[in-house]
Amino acid sequence: MTAEKTLREFFEGVSSAQGDIKEFFDLIFLDIFPDTTRELSTWERQFGLSDTGINEAKRRARLAATWKAVGGQSPKYIQDTLRGAGFDVYVHEWWEPGSEPSVGAESCATPRNPIMWLRREFTGAVILVECGEPDAQCGEDFAQAGNSLEPRGYPLVNKILETTRDNLVLCGEAVAEAGEPEALAGNYVQFSEGLREYIVPNDPALWPYFLYIGGETFGELAQLDPKRRDEFEALCLKICPTQQWLGMLVEYV
């Protein structure tokens, strides 16, 4: 009953220490939730999420989206996963809306033409539409209003680095002096490394194997942070079906 007794002070000290232990373990439990974890950077490393300079709230939202992703390949799942990770994009199917066959009919929907939406260097197409051009005939696909000579979309298939050799020795060049070691046939100055380019097929039979990612309305470009481009493309390749090419209708601004 006396506050100053040594035994009372002992039990008060013991109870205080146990309270610290309880609080410590309570905080460890909270570390398994994206919204409350104190180990945000550790979890980001665990899930392979790179530091792109976004604020903590967006980092936690990105972690939460990655944490709860359980897998799936439906357009809605892909769209929800990308948007949950903080990317304002929408997923669009390969066919033209309204061209779907009626129930019981044995026919195919009309595929969207990726050459109309993806940049020329990835399509092999020489030109699309300009006034007076031979392609702009009445009723042809390329003669639709708004088609462009320079579509701003691009295909995303794989990000594979390829190595090429630069500056091979040519006759008459300064380094091709008689007797110099650089003047041997096939010599080169340096290697260059770049991403492999995939050419969009001209065969309409292959166009249904495209899935488009862009703005809310098909054809609109979604705007994304350029610092998160690598992260965005890696996530798209991770969760999208491997048999489909991605038509990326986005711009990084």
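Helix 4 passes helix 5 in a right-handed crossing, meaning that the near helix is turned clockwise from the far one by less than a right angle. Helices (H or I, at least four residues) and strands (E, at least two) are DSSP runs, numbered from the N terminus. The model is predicted: local features need pLDDT of at least 70, side-chain atom pairs count only at pLDDT 80 or more, and totals for chains, interfaces and linings use all residues. Residues are numbered from 1 along each chain as its sequence is written, and side-chain values use heavy atoms, with hydrogens and water left out.

**The helix pair**
- Two packed helices are described by the angle between their axes and the distance between the axes.
- Helix 4 covers residues 75-84 and helix 5 covers residues 229-239. Their axes are 11 Å apart, at an angle of about 155 degrees.
- Axes are lines fitted to C-alpha atoms, for helices over the stretch in contact, and angles run from 0 to 180 degrees between N-to-C directions.
- Helix 4 and helix 5 are therefore roughly antiparallel to each other (a label for angles over 145 degrees).
- I78, T81 and L82 of helix 4 meet F232, L235, C236 and I239 of helix 5. Contact means heavy atoms within 4.5 Å.
- Six of these contact residues are nonpolar, one is polar and none is charged. Ala, Val, Leu, Ile, Met, Phe, Trp, Tyr, Cys and Pro count as nonpolar, Asp, Glu, Lys and Arg as charged, and the others, Gly among them, as polar.

- Four strands form an open sheet in the order 1-5-7-2, with mixed pairing. Two strands pair if DSSP finds at least two bridges between them.
- Strand 1 (90-92) and strand 2 (154-156) stand at the edges with a single partner strand each, so one side of each has no neighbour in the sheet.
- From one strand to the next, the twist averages 30 degrees.
- Strand 1 pairs with strand 5 (residues 210-214) in the antiparallel sense over three bridges. H92 has Y212 of strand 5 as its bridge partner.
- Strand 5 and strand 7 pair in the parallel sense over four bridges. Here F210 is partnered by W245 of strand 7.
- Strand 2 and strand 7 are antiparallel, over three bridges. Y154 stands opposite M248 in strand 7.

**Helices on the sheet**
- Helix 4 lies across strand 1 and strand 5, at about 155 degrees to strand 1.
- Helix 5 lies across strand 2, strand 5 and strand 7 (245-248), at about 60 degrees to strand 2.

**Salt bridges**
- The whole structure holds 14 salt bridges (a side-chain nitrogen of Lys or Arg within 4 Å of a carboxyl oxygen of Asp or Glu).
- One of them joins D230 to K159, with the closest N and O atoms 3.2 Å apart.
- D230 lies in helix 5 and K159 in the loop between strand 2 and strand 3 (161-166), so the pair ties together parts 71 residues apart in sequence.

Methods
Parallel < 35°, antiparallel > 145°, perpendicular 65-115°, else oblique.
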